[in-house]
Amino acid sequence: MPRLIRNGEVVEDSWQGRTLSLDEYNKQVESGAAPSGDTAVQLDAGQSPEDIQGDLHAIPMIAIHFPVFTDGRGFSYARELRQRGYTGEIRAVGHFMRDQLAYLARCGVTAFQFDDGTDPADAVACFRDFSEHYQADVLQPEPLFRRR
Amino acid sequence: MYVYDEIDQRIVNERVEQYRDQTRRYLAGEIPDAQFLPIRLQNGLYVQRLAPMLRIAIPYGMLSSRQLRKLAQISRDFDKGYGHISTRQNMQLNWPRLEDVPDILAELASVQMHAIQTSGNCIRNTTTDQFAGVAVDEREDPRPWCEIIRQWSTFHPEFAFLPRKFKIAVCASETDRAAIHAHDIGLELVPNAEGVLGFRVLAGGGLGRTPVIGSEIRPWLEKKHLLTYLESILRVYNQLGRRDNKYKARIKILVKAMGVDAFRERVEKEWAAIKDGPATLTDAEVERAKSFFTSPPYRTLPALDECAALQSQLAENQAFARWFQRNTLDHRVPGYRIVSLSLKATGYAPGDITDEQMEAVADLADQYAFGEVRTTHEQNLVLADVEGEQLFALWQRLLGLGLATPNIGYLTDLICCPGGDYCSLANAKSIPVAEAIQERFENLDYLYDLGPIDLNISGCMNACGHHHIGHIGILGVDKKGQEFYQVSLGGHQGKDASIGKILGPSFEQDAMPDVIEKILSTYVELRTDEEHFLDTYRRVGMEPFKERVYAQTH
């Protein structure tokens with residue numbers, strides 16, 4: 001099984017279900033066939049969380065695809081998903097880099113699936129880079145100024 | 001000025017160590033060039049024509065004398081002994097070694113400085129009025145708000161990979177000295193109908209290839225909502241801004257494409273979801289920020305016109321009087337004066353300052369100005385709080401340092417990017433053009449007779465020299481491998497901001513002083529009494545200037 005980072009730990013990828021594109025997923029919802037608990041959906045860049053049809057909370061995993069690591073739309077998508085109360089796994093897939101992990105985690109991404117040979121065991125070190133942040137984020141809902 | 005607490009210091013220290021490790025991994029071949037690019041950019045490091053360039057953040061232009069001494073030392077130890085003040089009030093070093101940058105950043109951190117987000121597609125250094133806190137026309141000190149924005153924007157997790165760079169400026173006075181209309185977001189502290197100050201929010205301004213004056217998104221925003229509102233604008237931009245073409249990626253293009261009303265509607269929708277959330281500012285935080293920007297211990301002094309020593313010095317020394325009139329300004333506290341130090345002496349690259357000058361200015365700041373120095377977006381320095389009686393002594397010291405050129409606000413106080421001599425983006429050199437113009441117009445009587453004129457020079461479309469908002473703008477262009485210069489007229493950076501219009505076909509470098517002279521003599525002939533260049537241009541339009549400049553010689 002491929003390894004990935006989940007909640008800051010290196011783990012085996014235990015996901016056994018299928019991952020549908022947003023279009024496929026929405027078609028299923030529209031056709032009245034509620035997707036089962038083993039169906040994840042993948043948001044590509046340009047596909048906002050608000051485009052997901054049906055009950056967000058029933059989705060076990062939402063993958064956010066990064067076409068290139070400089071495309072930062074996914075950061076806002078993750079944040080919006082958490083703002084909408086989504087509590088399942090948000091997984092970064094595609095082209096992102098180790099040095100973005102801490103930002104992505106703060107935006108609500110909980111799992112990172114590298115496609116470029118990055119060793120997850122090395123990459124987890126980046127979560128220790130900073131011990132404090134100014135802004136409110138998904139991991140720390142109170143901004144620093146409310147805790148100072 | 002703002003002083004770091006243990007947490008601010010820790011964050012900056014951790015950044016240094018993070019970048020040290022990233023540099024090590026890059027040099028070891030573990031990070032490819034393409035991935036290292038945004039990492040080094042967000043730590044201020046460009047790779048330029050001749051060497052790397054490091055842009056050091058000077059948040060909203062405020063420096064302590066201790067910090068300025070550190071910049072002098074860094075420029076000596078790691079560079080060639082000088083720095084360049086940029087139009088974002090930052091300082092650029094032109095010759096550091098990539099391998100040395102972590103050590104430079106560590107040196108900066110030791111005096112509460114950094115180079116965070118001075119480059120890259122992220123939120124850049126927030127700029128404001130260089131006369132903040134001392135200007136007579138100020139409604140409120142903008143610096144606490146700038147510091148609040150600095151902290152909010154530093155390592156904002158969501159906005160580090162925006163479609164393009166993002167610049168915010170704050171104005172809190174009657175006259176706009178921060179060019180807020182030329183920023184991605186411009187904020188102006190304005191009173192509402194009840195007289196309560198809040199933020200007027202402009203968005204979608206910017207220079208570069210497609211210059212646009214910012215549009216009003218909100219006429220008045222209660223102060224406590226500042227961060228949630230900014231966050232909403234950025235979130236809309238991050239999701240909808242174009243990423244397929246870097247020349248169409250700034251927020252100005254998005255605002256234009258959507259239309260201001262649709263853009264505003266979208267922002268308000270995002271805002272509704274986070275308004276009154278945890279990022280809403282607390283009174284305690286605003287008070288904390290304000291506590292760093294209280295008045296220094298001013299003495300009770302007579303008004304300047306009752307200061308006998310100063311008045312006799314002004315009467316006896318014409319050169320001093322000239323400098324006093326051009327390079328110093330009214331201060332809100334009686335007996336004090338705001339002093340601008342001109343970095344626009346002919347023969348020196350505009351905005352450049354040597355290590356020795358930096359150290360000397362730091363000493364002068366300690367002696368005369370409560371140990372504080374400011375950088376300006378016009379690429380000069382300011383000592384904001386000088387007693388009237390001390391002005392003559394200060395002026396003599398500045399003369400010896402070459403920092404007393406009495407030209408602030410006049411033609412030779414031009415804004416100029418580093419251009420093709422340094423910058424790998426530039427189409428053309430800008431410094432030699434600036435120098436040739438400064439040489440041509442060195443006669444002070446003529447200079448003063450021309451009145452206040454903003455002349456801004458950029459070496460390329462990226463418009464770092466703000467040529468679009470110069471009364472006279474000069475843009476370096478490339479024509480089949482040759483450097484040419486396009487002239488525009490009628491730009492302006494104030495509250496009645498305007499984008500300059502192109503005069504006509506571009507010119508060779510050698511022709512530029514003559515071209516400028518023809519433009520100016522046209523103005524002198526057409527002006528009415530007391531009419532400034534911009535007023536005349538706005539009254540008579542482009543045609544008379546065009547006719548004169550392009551007239552065939554017989």
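Which residues have the most contacts inside the largest nonpolar core? They are A:Leu104 and B:Leu383, and the core to which they belong has 187 residues. A nonpolar core here is a set of buried Ala, Val, Leu, Ile, Met, Phe, Trp, Tyr and Cys residues joined through C-beta atoms within 7 Å, and a residue is called buried if 20 or more other C-beta atoms lie within 10 Å of its own, exposed if 12 or fewer, and partly exposed in between, with C-beta atoms placed from the backbone. Helix 6 of chain B, residues 226-240, gives the most to this core, with 8 residues. In soluble globular proteins, nonpolar side chains tend to be buried together.

The model is predicted, and for that reason local features need pLDDT of at least 70 and side-chain atom pairs count only at pLDDT 80 or more, while totals for chains, interfaces and linings use all residues. Residues are numbered from 1 along each chain as its sequence is written, and chains are lettered from A and ligands numbered from 1 in the order in which they are written.

Chain A has 4 helices and 7 strands, where helices (H or I, at least four residues) and strands (E, at least two) are DSSP runs numbered from the N terminus. Along the sequence these elements follow the pattern β-β-β-α-β-β-α-β-α-β-α. The C-alpha trace of chain A spans about 50 × 35 × 25 Å along its principal axes, and buried residues make up 37% of its 148 residues. A compact globule of 148 residues would have a radius of gyration near 15 Å, and chain A, with 16 Å, agrees with this; the radius is taken over C-alpha atoms, and the globule rule is 2.2 Å times the number of residues to the power 0.38.

Returning to A:Leu104, and leaving aside its neighbours within four places in sequence, one finds this residue in contact with A:Phe75, A:Ala78, A:Ala92, A:Phe96 and A:Val109, where contact means that the C-beta atoms of two residues, placed from the backbone, lie within 7 Å.

The contact between the two chains takes 30 residues from chain A and 28 residues from chain B. On the side of chain A that touches chain B, helix 2 (73-83) and helix 3 (101-106) each supply at least two residues, and helix 2 gives the most, with 5 residues.

Within chain B, helix 7 (residues 251-258) has B:Ile251, B:Lys252, B:Ile253, B:Leu254 and B:Val255 buried. The buried residues of helix 7 pack against strand 9 (197-203), strand 10 (215-221), helix 6 and helix 8 (260-274) of chain B. Just after helix 7 of chain B comes B:Gly259, which takes a positive phi of about 90°.

B:Glu138 counts as partly exposed because it has 19 C-beta neighbours inside 10 Å. Not counting residues up to four places away in sequence, B:Glu138 touches B:Ala172 and B:Ser173. From C-alpha to C-alpha, B:Glu138 and B:Asn192 are 16 Å apart in space, and they are 54 residues apart in sequence.
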